[in-house]
Structure formats: structure tokens, C-alpha cells
Amino acid sequence: MTRVEIIANRSVEDEIIEGLEETIPGFYYTLLPVVHGRGKEEYCLGTATWPEENFLLLSYISDGDMEAVSQVIRDVKKQFPKEGIKLFFLKGE
């Protein structure tokens, strides 16, 4: 079992979720729809000065689905190369 964490700009939320749901049967997740913080490039604070916002998606998947998740994220990054999208895998026990 592997924990998936995806932190990305809200502008690509639909593409990521649709891609994961279409690719992985029974893909279940928890979505935190508004996440503020600072990334490598800029702040995302939802304010007048820094208006961008991110979302956080958490899921637990079988180890065999890791490549499928990676491919969905690669495809979305290719489609939206300037949007911040980060993918993390954490080994579950």
C-alpha cells in the first residue's frame, strides 16, 4: 500500500481527478480543496497580492498503481507545463 499526495494549482484539479478516476478503477481519495503555502516559484495564499490557490489530494493505492498515477500526472504536466503540480509517494505499512 502506498500513500499518494498531490499538491497542485486549483486550475488543474479537474484534469487530475478525472485522469485518476478514469485510469484507476475504484480510485478513492480525500480532497482538501484550498491549500495555501509557498512553493519554489511563488506564494499561493489566496490574497490580493498572491491570489493563486492550491489543492491537496490524498489517496491510498496498491503499489501496482503507482506507475498509472505517475503517468496521469506526467500527462497533465505536459498539457499545463506552467502550473505547479507535485506528486509524492509514501510507503504505507
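Predicted model: local features only at pLDDT ≥ 70, side-chain atom pairs only at ≥ 80, totals over all residues.
**Entry 1: the overall count.** I started with a search of the whole structure, and it gave 5 salt bridges. A reminder to myself on the background: side chains of opposite charge can pair when their charged atoms come close.

**Entry 2: Arg-3 and Glu-5.** I looked up this pair and found a salt bridge, with 2.9 Å between the closest N and O atoms. Are the two partners buried or exposed? Arg-3 has 26% relative accessibility, so I noted it as partly exposed. Glu-5 has 18%, and I wrote it down as buried, because the cut-off for buried is under 20%.

**Entry 3: Arg-10 and Glu-13.** Next I turned to Arg-10, which forms a salt bridge with Glu-13. Here the closest N and O atoms are 4.0 Å apart. Arg-10 is partly exposed at 36% relative accessibility, while Glu-13 is buried, with a relative accessible area of 13%.

**Entry 4: Glu-53 joins in.** Which residue does Glu-53 pair with? I found Arg-10 again, with the closest N and O atoms 3.0 Å apart. I then checked where the two sit: Glu-53 is in the loop between β4 (43–44) and β5 (54–61), and Arg-10 is in the loop between β1 (2–9) and α1 (13–23). The pair therefore ties together parts that lie 43 residues apart in sequence. Glu-53 has a relative accessible area of 22%, so I listed it as partly exposed.

Technical notes. Residues numbered from 1 in each chain as written. Heavy atoms only, no water. Salt bridge = Lys/Arg side-chain N within 4 Å of Asp/Glu carboxyl O. Buried < 20%, exposed > 50% of the residue type's maximum accessible area, 1.4 Å probe, protein only. Helix = DSSP H or I, 4+ residues; strand = E, 2+ residues; numbered from the N terminus.
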